[in-house]
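Please consult the sequence and structure shown below.

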Amino acid sequence: MMTSKEIRQSFIDFFVSKNHRIVPSAPMVIKDDPTLMFTNAGMNQFKDVILGNTPIKYPRIADSQKCLRVSGKHNDLEEVGHDTYHHTMFEMLGNWSFGDYFKEEAIEWAWEYLTDVLKLDKERLYATIFEGDKSEGLERDDEAAAHWEKYLPIDRIINGNKDDNFWEMGDTGPCGPCSEIHIDLRSNEERDKVCALTLVNQDHPQVIEIWNLVFMQYNRKADGSLDGLPAKVIDTGMGFERLCMAVQGKLSNYDTDVFQPIIKKIGEISGFSYGKDEKKDIAMRVIADHVRTISFSITDGQLPSNAKAGYVIRRILRRAVRYGYTFLNMHMGFMYQLLPVLIEVMGDAYPELIAQKTLIEKVIKEEEESFLRTLETGIGLLEKQMEQHKKDGNLTLEGATAFQLNDTFGFPLDLTELILRENGMTVDHEGFKAEMQKQKDRARNAAAVETGDWTKVHDGEPVFVGYDFTETDAEILRYRKVKQKNKEFYQLVFSQTPFYAEQGGQVGDSGWMTCTDSDEKIEIFDTKRENNLAIHLVMKLPKDITTTFTLNINKERRTAIESNHTATHLMHEALREVLGKHVEQKGSFVSDQVLRFDFSHFQKMNDEEIRQVEQLVNNKIRENISIEEDRSVPIQTAKDMGAMALFGEKYDEEVRTIRFGSSIELCGGTHISSTGHIGLFRIVSESAIAAGIRRIEAITGKACDEYIYKKEDMLSQMRELLNNTQDIEGALQRLIAENEEMKKTVHEFELEKAKSLKQSFISSKEVKDGVNVFSAIFTDVSPDIIKNIAFQLKGEFNDNLFFVAGTIANNKPNLTVMIGDDLVKKGLNAGNIIRQAAKHIQGGGGGQPHFATAGGKNSDGLQQAVGEVLNAF
């Protein structure tokens with residue numbers, strides 16, 4: 001039986017034999033495509049080529065691409081673990097042709113690989129083809145059907161509708177019919193009973209699609225119409241995990257050697273065996289799947305967070321923790337312990353797992369422990385809700401409350417239901433769904449973008465000249481209207497441009513376009529990158545879109561951006577020198593105002609380390625080192641020169657290098673001509689953003705001047721407050737010493753006051769039914785003093801007491817109740833009593849049965865509140 005490693009390699013070897021260029025997997029996390037957060041199909045990294053924005057370098061390509069489907073159109077998250085073949089992270093084996101071969105070869109080679117190389121049973125294979133769509137004016141794909149008839153009987157070539165057999169990149173863009181290859185993995189007995197023809201595309205777990213051959217031959221426009229593509233594209237995708245299931249003769253992806261080592265390790269850690277209990281099996285499958293997703297996301301530079309892609313990864317991690325917590329009794333972090341097994345399974349194909357092992361373990365462990373604490377907090381809140389609901393005679397938890405538990409504390413509805421069921425309660429499902437829909441609507445409205453079709457003005461391919469020029473003449477190649485958040489603007493593509501489009505952490509340029517035939521001047525307020533196009537954003541179109549324009553970037557802003565970008569490179573080198581070679585860039589943001597740099601390091605930088613980094617960078621600035629730029633260096637040569645390739649970045653075979661003295665980096669951004677132009681560099685903050693990841697914010701040039709001026713102004717103000725002393729430090733130390741002495745004096749006074757107050761309680765004590773009753777109302781007395789007195793009296797009177805005190809401190813009323821253990825045993829509850837009494841002071845409170853406190857806003861009601869407490873006795 002072939003192992004998963006052998007299967008993956010056989011695919012690569014097969015397409016090498018068919019003259020395909022093998023390319024590495026692109027990162028799973030997408031950084032420069034506004035339409036996608038994650039790579040959800042093998043074709044994502046080739047979108048620029050398919051759309052015609054990037055020249056075709058290799059007409060035939062094949063690879064194994066790591067993909068993630070959890071959001072948007074392709075959302076498999078909720079099915080993961082509950083069935084045998086859905087995953088969040090999966091590998092997509094694929095081969096592509098860009099204007100080279102088409103349907104005949106794609107079908108022929110797919111059949112050859114499956115039946116001759118992998119030896120899959122030909123009698124178990126089925127093919128679907130597009131049946132056509134009259135509303136679109138599309139005919140049946142007879143061409144694909146004719147090719148399939150060479151290998152399959154006609155009855156195993158199945159017509160499929162537009163949903164199943166017409167592939168589209170999105171609402172607009174390249175699309176075309178597709179042909180899916182399905183396999184029947186059922187036993188012979190089951191096959192004899194039910195024909196597989198009735199089960200294809202019916203979500204049967206053993207009659208599944210393994211390979212999709214997409215024949216891109218159309219372009220979908222914004223109005224829904226279709227145009228023919230000038231260069232036809234073959235795009236095939238085969239789910240690696242499903243293929244392994246078929247080749248290894250298994251009935252579940254999770255039974256293959258891709259997942260079984262991980263599942264066995266989960267069993268060892270939890271003490272449960274796989275295959276004995278369905279709910280525990282689901283939990284193990286969820287964890288085995290999700291730990292792959294989380295680990296690969298971290299290697300690609302995406303850490304769990306509360307925003308965008310990071311939020312998705314955090315949701316996945318928390319889903320795995322919840323399943324372990326609920327069904328496997330895993331109340332401590334455990335997923336980080338699975339990493340060595342994952343590396344054993346996938347480390348050969350993806351060495352970034354090995355290189356980033358320590359970081360992945362630390363991030364997962366910290367996230368697990370943090371969420372487990374959050375879970376405990378959520379459970380505590382749910383218990384309070386249940387207690388109050390039962391007291392009120394309401395056994396149904398409101399949907400809004402269940403949604404808050406889900407949204408804030410990560411409680412899935414089924415976990416809330418489980419806890420409620422154990423306590424004889426239910427949840428309002430409809431209310432929960434309504435709240436969930438409101439959130440989805442808010443997110444959809446916030447992200448809604450209406451984009452029109454591109455209107456072509458001139459032919460040509462855009463050229464970036466911004467490394468060499470800040471001004472150039474250009475024509476508009478195309479434009480389109482965009483509507484977002486009720487604002488309309490236009491996107492322009494020029495024949496050539498000096499404007500840098502946002503990428504790699506560097507913000508886009510702004511500036512102006514001026515008509516060469518008139519004085520019309522339009523602001524370009526930003527420059528974005530989409531599918532490798534530099535897109536210039538303007539609020540209005542010029543009167544004549546066909547003429548020539550002079551494009552000018554905002555030079556002052558560009559210089560500030562370049563200063564911060566170059567300073568980022570110098571700081572990266574300095575960090576590695578001061579902290580160690582383990583420091584690696586994990587993210588960056590460079591604007592004209594600030595530079596932000598995320599890097600791997602496992603402890604807070606101290607003041608001395610920060611100062612050393614600043615000094616090293618400023619020394620390089622004073623050396624006024626000139627830039628050394630090479631725009632076309634083989635990637636391996638650049639690495640040999642010392643340039644670091646960052647995990648999570650996709651590099652071409654030839655790269656651009658930027659060198660300032662001993663600092664050398666792979667970089668596509670713009671930089672200052674020499675370091676002296678930076679002026680000055682200062683670090684303004686250093687903090688943790690995740691386990692093992694630190695963030696520095698720093699400034700350069702004029703921003704440093706402003707920063708120093710503010711510090712000087714602060715010192716001047718402090719000196720004035722200290723009677724214009726020249727020895728500010730000495731004066732502050734004297735003030736601190738005097739303050740400490742005053743604190744001691746105040747504390748001694750409070751102790752004396754407490755003794756006096758305690759004595760007044762004792763002298764006014766009443767005895768009712770053998771119980772010592774203490775009550776009083778005071779002004780300008782701290783609630784903490786009253787609390788201490790209450791506990792002292794409880795100890796002195798052997799728990800045989802009932803204590804209530806009202807105080808007014810800082811114009812706010814407070815209530816304190818202490819009840820002896822004997823009375824608690826008889827059913828009195830300080831928390832319940834004080835909740836009712838607090839209404840008189842327009843406040844709330846709570847506590848334990850023997851002790852509770854409350855605060856409020858209405859001091860006039862304090863007397864009534866104390867009276868109600870006494871009436872409860």
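Glu79 is found in the loop between strand E4 (74-75) and strand E5 (89-98); helices (H or I, at least four residues) and strands (E, at least two) are DSSP runs, numbered from the N terminus. This is a predicted model, in which local features need pLDDT of at least 70, side-chain atom pairs count only at pLDDT 80 or more, and totals for chains, interfaces and linings use all residues. Residues are numbered from 1 along each chain as its sequence is written, and side-chain values use heavy atoms, with hydrogens and water left out.

**Exposure of Glu79**
- Glu79 counts as partly exposed, at 36% relative accessibility; buried means under 20% relative accessible area, exposed over 50%, and partly exposed in between (1.4 Å probe, protein chains only).

**Salt bridges**
- The structure holds 51 salt bridges, each a side-chain nitrogen of Lys or Arg within 4 Å of a carboxyl oxygen of Asp or Glu.
- One of them joins the side chains of Asp598 and Arg695 (2.7 Å, N to O).
- Because Asp598 belongs to strand E26 (residues 595-600) and Arg695 to strand E31 (residues 693-700), this pair ties together parts that are 97 residues apart in sequence.
- Asp598 is buried, at 9% relative accessible area, whereas Arg695 is partly exposed at 25%.
- Glu430 and Lys433 form another salt bridge (3.8 Å, N to O); both lie in helix H16 (residues 429-447), 3 residues apart, and both are exposed.

**Whole chain**
- The protein chain has 25 helices and 37 strands.
- Of its 873 residues, 49% count as buried.
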